[in-house]
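Here's a quick briefing to read alongside the coordinates. Have the viewer open and follow along by residue number.

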Amino acid sequence: MTVLPAADAPIPIFTTLKEVYGSLATAAKHAERWDQLVREFETKFGHKPTYVARAPGRVNLIGEHIDYADFGVLPAAIEHDILIACAPRPASTVAAHPDGHAPGSVVAENLHTRYTRQVFMPTRRHTLGDDVPLDAVRVAPWHLDIDKSELRWESYVKAGYYGVLNHFFSPSSVSSVPVPVDILVTGNVPPGSGLSSSAAMVVSSTLAFLAANGIFDGEKAPTKPTKGELVNIAMENERRVGVNSGGMDQSASVIALPGSALYVSFVPSLHAEPIGLPRDAVFVCANSLVVSNKAESAKHQYNLRVAETLAAARLLSHRLNLQVDSTDGDNTKRRLVTLREVLARKSGFYQDEQDAQLEDLGQLRKGLVDVLGIAMDYLLPEFGNRTDISLDEMINKSGMDEAEFREVYLSGVDAETTKFELYLRAQHVLEEALKVLKFREVCLAGGGNEESKLQTLGKLMNDSHDSCHRQFDCSHPKVNDLVRVARSFREVETGRGKGRIYGSRMTGAGWGGCTVSLVHREDVEAFIKHVKKKYASYEGMSEEDLASCVFATEPGMGACVYKFTN
Ligand code: NG1
């Protein structure tokens with residue numbers, strides 16, 4: 001049997017829930033949700049679903065805000081997921097729908113009553129172009145209106161559909177037309193909590209439209225994407241909602257395998273390596289109840305951090321005189337450079353983008369010391385005790401003229417700020433990259449003392465949180481409180497000694513959302529009780545609500561398509 005690298009494997013098509021969740025026990029917990037989804041689909045649409053697309057959320061164990069700098073990260077899929085039941089709309093039910101049987105039209109319903117029914121249809125403008133013979137028709141790519149100004153549930157559905165249309169229904173082929181589709185969505189990944197509900201929505205929507213259009217059936221099956229291809233399409237799709245996202249969430253949601261975390265790296269191309277965790281390690285998620293709405297706040301928060309991180313790399317590459325741009329005659333073609341590329345070029349490992357050397361802990365450590373020293377000299381302001389620099393200072397130090405810099409680095413960001421924290425952001429990214437590799441190394445090391453492994457992993461998580469809070473400024477006072485509560489478990493007497501909490505940190509983009517804590521398997525129950533009792537915002541909540549706020553999670557199965565067989 002050939003073992004495919006995880007990203008090259010095909011998207012699994014399952015026909016039992018045990019396969020979907022990786023174990024019978026987990027499947028049993030979810031069976032009622034699935035039944036309800038299928039029942040409601042029939043009630044709402046008058047016909048049965050043909051597929052359910054499933055994509056899980058993820059918890060990031062370590063490696064925050066470094067995927068878009070092209071450094072590897074270490075997430076795991078969680079059990080919580082988004083499910084989308086779907087089917088082509090049969091001609092017999094057309095009378096019931098106002099938009100009838102228009103190609104590609106979608107009726108989207110959500111089991112959650114807060115989200116209302118949406119009906120939409122992609123358009124493909126056929127125009128007579130001046131660059132083609134007069135009698136020829138130029139066909140523009142498919143288009144769907146996505147409202148980026150406010151967070152709407154169907155935007156994520158549309159984002160998934162967009163990629164399917166433009167990758168699988170070529171605009172130049174008039175015969176290739178998507179079918180009308182009915183979909184029903186449900187999910188239990190809490191939105192805005194750092195557990196990647198958005199990636200789970202986009203991945204499941206992408207899969208649902210592929211499935212409903214028969215891409216996994218019979219003769220069309222050879223065109224179906226691999227897991228790695230699906231990740232790339234989902235990343236592209238998520239950007240349509242207005243977030244310049246890295247690739248961590250989509251990779252974890254698509255490629256994860258039960259029982260292992262994933263080390264996901266992006267250079268020279270997407271690669272995912274399953275990482276076994278120490279036997280006694282259990283990760284517990286806790287929700288701060290501060291909702292972090294990434295899409296709406298992107299320009300002050302997430303996208304601004306992406307811009308600062310990329311600008312830091314540009315300034316460093318200029319200071320180090322690295323040849324990162326291509327030239328065409330007298331014209332220099334500017335492009336975005338990542339901190340990882342700066343490090344690779346500075347360390348001499350950058351060869352035709354094929355370097356993998358920086359995944360080696362020793363090499364990364366060597367390169368870092370140098371680059372951090374230079375960052376400290378160059379990225380800080382020249383005068384005063386500030387750490388931030390102004391837009392003018394930043395442009396001056398970039399070696400680019402203002403128009404170019406705005407075009408390449410700021411046009412997509414629309415950041416409402418005049419100050420940029422380049423040094424602190426670069427310091428976080430470079431040091432966090434090192435923490436990820438150490439974490440991976442400890443997990444991969446055979447033998448050794450289990451307790452000391454857990455302590456090392458926990459310390460890395462604590463340091464990561466402190467860096468997210470101080471250097472990257474992406475935590476939130478309540479998230480810091482929750483981390484303090486988690487860490488204070490070490491003072492609690494459990495009957496087996498003091499509580500074994502090894503580390504606790506924010507997870508995901510931050511500015512609210514969840515924390516993840518590394519706890520000894522035997523102490524998990526006591527730990528969960530402690531957090532429920534001590535975190536002030538949980539006061540007065542019912543046991544049922546609390547159970548959805550604080551929960552232990554084992555690394556779960558990645559995305560799949562469930563096919564109904566009769
Ligand atoms: P969240 O917001 O937690 O799903 C986001 C990005 C990740 C990564 C983390 C920070 C998206 C879809 N996800 O995750 O790629 O950059 O922030 O480490 O934008």
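Predicted model: local features only at pLDDT ≥ 70, side-chain atom pairs only at ≥ 80, totals over all residues.

The largest nonpolar core takes in 142 residues, and helices H3 and H5 cross with their axes within 8 Å. On the backbone side, there's a cis peptide bond between Val 267 and Pro 268, plus positive phi values at His 65 and Asp 70.

- As background, most peptide bonds are trans, and most residues other than glycine have a negative phi.
- The bond joining Val 267 to Pro 268 is cis, with omega at about 0°.
- Pro 268 sits in the loop that runs between strand S9 (260-265) and strand S10 (271-276).
- His 65 isn't a glycine, yet its phi is positive, at about 60°.
- Asp 70 is another non-glycine residue with a positive phi, this one near 75°.
- You'll find His 65 in the loop between strand S2 (51-62) and strand S3 (74-88), and Asp 70 lies in the loop between S2 and S3 too.
- Are these two residues buried or partly exposed? His 65 has 4% relative accessibility, which is under the 20% cut-off, so it counts as buried. Asp 70 comes in at 24%, so it counts as partly exposed.

**The H3/H5 crossing**

- Helix H3 (residues 153-168) and helix H5 (residues 227-239) have axes that come within 8 Å and cross at roughly 125°.
- That angle makes H3 oblique to H5.
- As for handedness, the H3 and H5 crossing is right-handed.
- On the H3 side, the contact is made by Ala 159, Gly 160, Tyr 162, Gly 163, His 167 and Phe 168, while H5 brings Ile 233, Glu 236 and Asn 237.
- Sorted by type, the residues of this contact come out as four nonpolar, four polar and one charged.

- In soluble globular proteins, nonpolar side chains tend to be buried together.

Note on methods. Residues numbered from 1 in each chain as written. Heavy atoms only, no water. Helix = DSSP H or I, 4+ residues; strand = E, 2+ residues; numbered from the N terminus. Buried < 20%, exposed > 50% of the residue type's maximum accessible area, 1.4 Å probe, protein only. Axes fitted to C-alpha atoms, helices over the stretch in contact; angles between N-to-C directions. Parallel < 35°, antiparallel > 145°, perpendicular 65-115°, else oblique. Left-handed = near helix turned anticlockwise from the far one by under 90°. Contact = heavy atoms within 4.5 Å. Nonpolar A, V, L, I, M, F, W, Y, C, P; charged D, E, K, R; others polar. Core = buried A, V, L, I, M, F, W, Y, C linked by side-chain atoms within 4.5 Å.
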